[in-house]
Amino acid sequence: QVRMVESGGGLVQTGDSLRLSCAASGRTFSTYYMGWFRQAPGKEREFVAATNRNGGIIYYATSVKGRFTISRDNAANTVALQMNSLRPEDTAVYYCAAADSCSGGGCYDRRTYDYWGQGTQVTVSS
């Protein structure tokens, strides 16, 4: 079991940057694959980015590749999402998630993730 709390969301303009943070509890944080997902009103929760246990393998959705960066600090039990060049279509509630393990396409699938934070709102105005 791992508990997570997201922070860093807010209201920004097109082209601005935000850095989201996810603080996790537990001494076994480093054993989890960590992901970021987002959900806009009326839409399904979609994959944004994920990383393996030591941060050496990274996965990004095509829509954010080149703009967003996921990173983790296992010593601090945190995972971050740096978001640059934000667009209105990035507006959503962003969730931090943890999976015991994943492989291949499973790392992109929300059903793979067992634990979720409460979410933080990101709003990008045009």
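This is a predicted model: local features need pLDDT of at least 70, side-chain atom pairs count only at pLDDT 80 or more; totals for chains, interfaces and linings use all residues.
**Exercise 1. A charged residue inside**

Find E6 and work out which side chain of opposite charge is nearest, and which backbone nitrogens the side chain of E6 reaches.

*Solution.* 
- Start with the location: E6 sits in strand β1, which covers residues 4-7.
- Next, check burial and charge pairing. E6 is buried but has no salt bridge. R45 is the nearest side chain of opposite charge, and R45 is 7.5 Å away. A salt bridge would need a nitrogen-to-oxygen distance within 4 Å.
- Now look for backbone partners. The E6 side chain reaches the backbone nitrogen of Q118 at 2.9 Å. The backbone nitrogen of G119 also comes up, lying 2.9 Å from a polar atom of the E6 side chain.
- Finally, list the surroundings. Skipping neighbours within four places in sequence, E6 is in contact with residues including C22, W36, Y94, C96, Q118 and G119.

**Exercise 2. The largest nonpolar core**

Say how many residues the largest nonpolar core has, which of them have the most contacts inside it, and which element gives the most to this core.

*Solution.* 
- Count first: the largest nonpolar core has 39 residues.
- Sort by element. Those giving two or more residues to the core are β3 (18-24), β4 (33-39), β5 (46-51), β6 (58-60), β7 (68-73), β8 (78-83), β9 (92-99) and β11 (120-125). The top contributor is β9, with six residues.
- Zoom in on Y94. Leaving out neighbours within four places in sequence, Y94 is in contact with, among others, W36, L81 and M83. E6, the residue from the previous exercise, is also one of the contacts of Y94.
- As background, nonpolar side chains tend to be buried together in soluble globular proteins.

**Exercise 3. Disulfides and their handedness**

Work out how many disulfides there are, and whether the link of C22 and C96 is left-handed or right-handed. Then do the handedness again for C102 and C107.

*Solution.* 
- The count comes to two disulfides.
- Take C22 and C96: they are joined with an S to S distance of 2.2 Å. This pair ties together distant parts of the chain, with C22 in strand β3 and C96 in strand β9, 74 residues apart.
- Read the torsion. About the S-S bond of C22 and C96 it is about -80°, so this disulfide is left-handed.
- Check burial at both ends. C22 has 1% relative accessibility, so C22 counts as buried. C96 is buried too, at 0%.
- Move on to C102 and C107, joined at an S to S distance of 2.1 Å. Here the S-S torsion is 95°, and the link is right-handed. Both C102 and C107 are buried.
- Last, write the pairing. With the bonded cysteines numbered in sequence order, it reads 1-2, 3-4.

**Exercise 4. An arginine on β3**

*Solution.* 
- Compare sequence with space. R19 and L81 are 62 residues apart in sequence, but 5.7 Å apart from C-alpha to C-alpha.
- List the contacts. Beyond neighbours within four places in sequence, R19 is in contact with S7, G8, S71, A80, L81 and Q82.

Note on methods
Residues are numbered from 1 along each chain as its sequence is written. Side-chain values use heavy atoms; hydrogens and water are left out. Helices (H or I, at least four residues) and strands (E, at least two) are DSSP runs, numbered from the N terminus. Buried means under 20% relative accessible area, exposed over 50%, partly exposed in between (1.4 Å probe, protein chains only). Lys and Arg count as positive and Asp and Glu as negative; His and the chain ends are not counted. A polar contact is a pair of N or O atoms within 3.5 Å; within protein, one must be able to donate a hydrogen and the other to accept it, and residues adjacent in sequence count only if both atoms are side-chain atoms. Contact means heavy atoms within 4.5 Å. A nonpolar core is a set of buried Ala, Val, Leu, Ile, Met, Phe, Trp, Tyr and Cys residues joined through side-chain atoms within 4.5 Å. A disulfide is a pair of cysteine sulfur atoms within 2.5 Å.
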